[in-house]
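Notebook open, structure loaded. I'll jot down what I look up as I go.

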Amino acid sequence: MKESFWGIFVITVGVVCIFLIYMFQDITNTDEHNYTLLKETTEGAMIDAVDLAAYRNEGIIRIDREKFVENFLRRFAEDASLSKSYLISIYDVNEYPPKVSIRVSSIAGGADALSGDIMNFDIMNQLDAILETPY
């Protein structure tokens with residue numbers, strides 16, 4: 001009888017450990033996906049929003065604020081995970097010199113195997129980007 005309880009204990013601990021590994025892997029992958037998506041989307045949107053008329057006439061590199069926001073939201077929506085909900089906050093867009101500050105928040109979580117409680121984690125990625133160009 002004692003050996004059967006040890007067997008049940010080992011199987012239960014194994015199932016709980018596999019669930020915890022799966023949950024933390026999902027959270028880590030969500031965080032990495034959000035950061036990479038934020039970085040690549042910001043860079044592409046800043047390049048698309050460069051004001052070519054100002055560059056041709058005055059020789060300065062500046063971005064158009066409305067064009068940046070439009071391009072950023074379009075690019076982010078194309079590649080974002082459909083199973084997550086996102087909160088995008090654009091704090092600062094400087095046209096000259098080109099600089100943006102963006103925060104993307106999403107919620108990831110799962111159910112606890114022992115108590116059955118639902119655990120949610122707020123995943124926030126913040127990026128301050130400056131457009132650099134070679135002369």
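Is Glu 95 buried, exposed or partly exposed? I looked it up: Glu 95 has a relative accessible area of 23%, so it goes down as partly exposed. My cut-offs are under 20% relative accessible area for buried, over 50% for exposed and partly exposed in between, with a 1.4 Å probe and protein chains only.

**Ground rules**

I'm working on a predicted model, so local features need pLDDT of at least 70 and side-chain atom pairs count only at pLDDT 80 or more, while totals for chains, interfaces and linings use all residues. I number residues from 1 along each chain as its sequence is written, and side-chain values use heavy atoms, with hydrogens and water left out.

**Confidence and layout**

I checked pLDDT (the predictor's confidence in each residue, from 0 to 100). The chain has a mean of 81, and 87% of its residues reach 70 or more. Confidence is highest in helix α3 (residues 65-79), with a mean of 88, and lowest in strand β3 (residues 118-130), with 77.

I noted 3 helices and 3 strands, running α-α-α-β-β-β along the sequence. These are DSSP runs numbered from the N terminus: helices are H or I with at least four residues, strands are E with at least two.

Of the 135 residues, 27% count as buried. The chain exposes about 9,300 Å², with carbon and sulfur atoms supplying 59% of that. Those areas come from the Shrake-Rupley method with a 1.4 Å probe; for residues, only the protein chains shown count as cover.

I also looked at contacts, meaning heavy atoms within 4.5 Å. Among those between residues at least 6 apart in sequence, 55% join residues at least 24 apart.

**Salt bridges**

I searched the whole structure and got 6 salt bridges. My criterion is a side-chain nitrogen of Lys or Arg within 4 Å of a carboxyl oxygen of Asp or Glu.

Back to Glu 95: what is its partner? I found a salt bridge with Arg 62, the closest N and O atoms being 2.7 Å apart. Arg 62 sits in the loop between α2 (52-58) and α3, and Glu 95 in the loop between β1 (86-94) and β2 (99-111), so the pair ties together parts that are 33 residues apart in sequence. Arg 62 is partly exposed, at 26% relative accessibility.

Next I took Asp 92 and Lys 99, whose closest N and O atoms are 3.2 Å apart in their salt bridge. I have Asp 92 as partly exposed at 26% and Lys 99 as partly exposed at 24%.

I also checked Glu 78 with Arg 74, a salt bridge with the closest N and O atoms 3.5 Å apart. Both lie in helix α3, 4 residues apart, about one turn of the helix. Glu 78 counts as exposed because its relative accessibility is 54%, whereas Arg 74 is partly exposed at 39%.

**Aromatic pairs**

How many aromatic pairs are there? My search of the whole structure gave 4. I pair rings of Phe, Tyr and Trp (its six-membered ring) if their centres lie within 6.5 Å; planes under 30 degrees apart are stacked, over 60 edge-to-face, and the rest tilted.

I looked at Phe 72 and Phe 76 in helix α3, 4 residues apart, about one turn of the helix. Both are buried. Ring pairs link Phe 68, Phe 72, Phe 76 and Tyr 86 into a cluster.

What does Thr 41 touch? Leaving out residues up to four places away in sequence, I get Phe 72, Arg 75 and Phe 76. Thr 41 lies in helix α1 and counts as buried because its relative accessibility is 4%.

Last entry: I found a nonpolar surface patch of about 430 Å² made by Trp 6, Phe 9, Val 10 and Val 13. Patch residues have over 30% relative accessible area and no salt bridge; like charges are joined within 9 Å, nonpolar side chains (Val, Leu, Ile, Met, Phe, Trp, Tyr) within 5 Å.

I placed Val 10 in helix α1 (residues 2-48), and its 55% relative accessibility makes it exposed. Trp 6 and Phe 9 both lie in helix α1 too, 3 residues apart, about one turn of the helix. Trp 6 is exposed at 54%, while Phe 9 is partly exposed at 48%.
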